Amino acid sequence: MNKSELIKEYRKQFPLLDEELAYLDNAATTQKPSSVLDAVRRYYEKDNANPFRGVYDLSERATESYENARKKTAAFINAAAPEEIIFVRNASEALNLLAYSWCEDNLAEGDEVVVSVMEHHSDFLPWKYMAEKKGAKLVKFEPDENGTVTDAVLDSCLSEKTKIVALTQVSNVLGRVNDIKHIAEKVHLAGALISVDGAQSVPHMKVDVQDLDCDFLSFSGHKMFGPMGIGVLYGKMEHLEKMRPFMYGGEMIATVHWDRVTYAEVPHKFEAGTVNVGGAVGLAAAIDFINEVGWDIIETQEEILTARAMAGIKNIDKVRIIGSQNEADHKGIVTFCVEDVHPHDVADILGRAEVCVRAGHHCAQPLMDFLGVKSTCRASFAFYNTEEEVDRFLTELSKVRGLLGYGF
Ligand SMILES: Cc1ncc(COP(=O)(O)O)c(C=O)c1O
């Protein structure tokens, strides 16, 4: 089978995808293949019990399912040890855990936290809150208009006061990939740590945390063919060991007495309460699925779709692509505006033709301010999308202004 035949076969494994629907909102969440749905179902049918708590066989199987998922996730991003993987609900929770826990003991008055203007609100608000709480300064760092982080700007933001830098690996609006390895080197030279938001990178490219040398990485299972409700905070063990718990309760302790408490080892210290085993099992199945398809097919197909969409949009009068005009700068994400038409109207018109795109500020209002727009539309691709879907999207997009009575 050649690549496009293989992709068609893989697409058949997604029960929700059919010929009618052009689902181009994959940056928001992806659809799920049968193997993921089956794995979750199998877990609940065969292995479900409260993990860690029981000594009976069923509970041990639940514990094993959960810990195997942790091992698989660690291998997927090449973490040095499974214990460096903390399971949370999603990237937002990972970033909140990190900001609350790390800043509490590592940030003081006069310190600086550097956050890029292109961060999703989930990678902006927790830092902003904690910086304000600790009397630290939130330093804004701006990419160029294409979303590129330049050394000059980075250098101007880093100082001996910088304690941590929060940066996305791929912008959920501009689709630009940041050179995290290079940036991490500079951040470390300045004596600070770097937290990477991998919500839009981990599903679309090989991410190797040891090669990048990032201190933390956050991502969501549901954006990479896994179920909703499971996400990951990766952290280097040397940092995690020193961090305090974020949530308190069952399973995160070693001993509890009225007057003295000791906490469990990492990662359990950060996973209070009954954990989401079904979600972790689903995430592990999603990782198996990605490994089976392979990065070559995923990345090549997403590049083809992105290039086709961008070339097509450039041919439609009065539709403007936001960010770089170069398709190589967009990792499966194309954001655009139609002159005179509100993005919600654009998405609504496309939606009526069963073409799903996102409209709004994409939880990145500081970036909207920086770009001088209020909101935009976004088409975002997964490898299961087809060129025919992109063409349908372009055909419907080309009708929007006419349908609303605007002449060209
Ligand atoms: C770059 C980025 N970071 C963080 C998030 C938050 O992810 P979640 O809603 O799964 O917590 C998103 C979601 O779209 C995102 O695109």
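**Figure 1. Crossing of helices α12 and α14.** Helix α12 passes α14 in a right-handed crossing; a crossing is right-handed if the near helix is turned clockwise from the far one by less than a right angle, and left-handed if anticlockwise. This is a predicted model, in which local features need pLDDT of at least 70 and side-chain atom pairs count only at pLDDT 80 or more, while totals for chains, interfaces and linings use all residues. Residues are numbered from 1 along each chain as its sequence is written. The axes of α12 (residues 343-352) and α14 (residues 387-403) come within 9 Å and cross at roughly 125°. Axes are lines fitted to C-alpha atoms, for helices over the stretch in contact, and angles run from 0 to 180 degrees between N-to-C directions. The two helices are therefore oblique to each other (under 35 degrees counts as roughly parallel, over 145 as roughly antiparallel, 65 to 115 as roughly perpendicular, the rest as oblique). Val346, Ile349 and Leu350 of α12 meet Phe393, Glu396, Leu397, Val400 and Leu403 of α14; contact requires C-beta atoms, placed from the backbone, within 7 Å. This contact has 7 nonpolar, no polar and 1 charged residues. Ala, Val, Leu, Ile, Met, Phe, Trp, Tyr, Cys and Pro count as nonpolar, Asp, Glu, Lys and Arg as charged, and the others, Gly among them, as polar.

**Figure 2. Crossing of helices α3 and α10.** The axes of α3 (residues 57-76) and α10 (residues 277-293) come within 9 Å, at a crossing angle of roughly 40°. They are therefore oblique to each other, and the crossing is left-handed. Residues in contact include Ala62, Tyr66 and Phe76 in α3 and Val281 and Ile287 in α10.

Figure 3. The 7 strands follow the order β2-β8-β7-β6-β5-β3-β4, with mixed pairing; helices (H or I, at least four residues) and strands (E, at least two) are DSSP runs, numbered from the N terminus. Two strands pair if DSSP finds at least two bridges between them. At the edges, β2 (85-88) and β4 (137-141) each pair on one side only. Strands β5 (residues 162-168) and β6 (residues 193-197) run parallel, joined by 5 bridges. Helix α7 (residues 180-189) lies across β5 and β6, at about 155° to β6.

Figure 4. Of the 13 residues around the ligand, Asn90, Ser92, Asn172, Ala199 and Ser220 come nearest; a residue is near if its C-beta atom, placed from the backbone, lies within 6 Å. The shell comprises 3 nonpolar, 8 polar and 2 charged residues.

Definitions and conventions
Contact = placed C-beta atoms within 7 Å.
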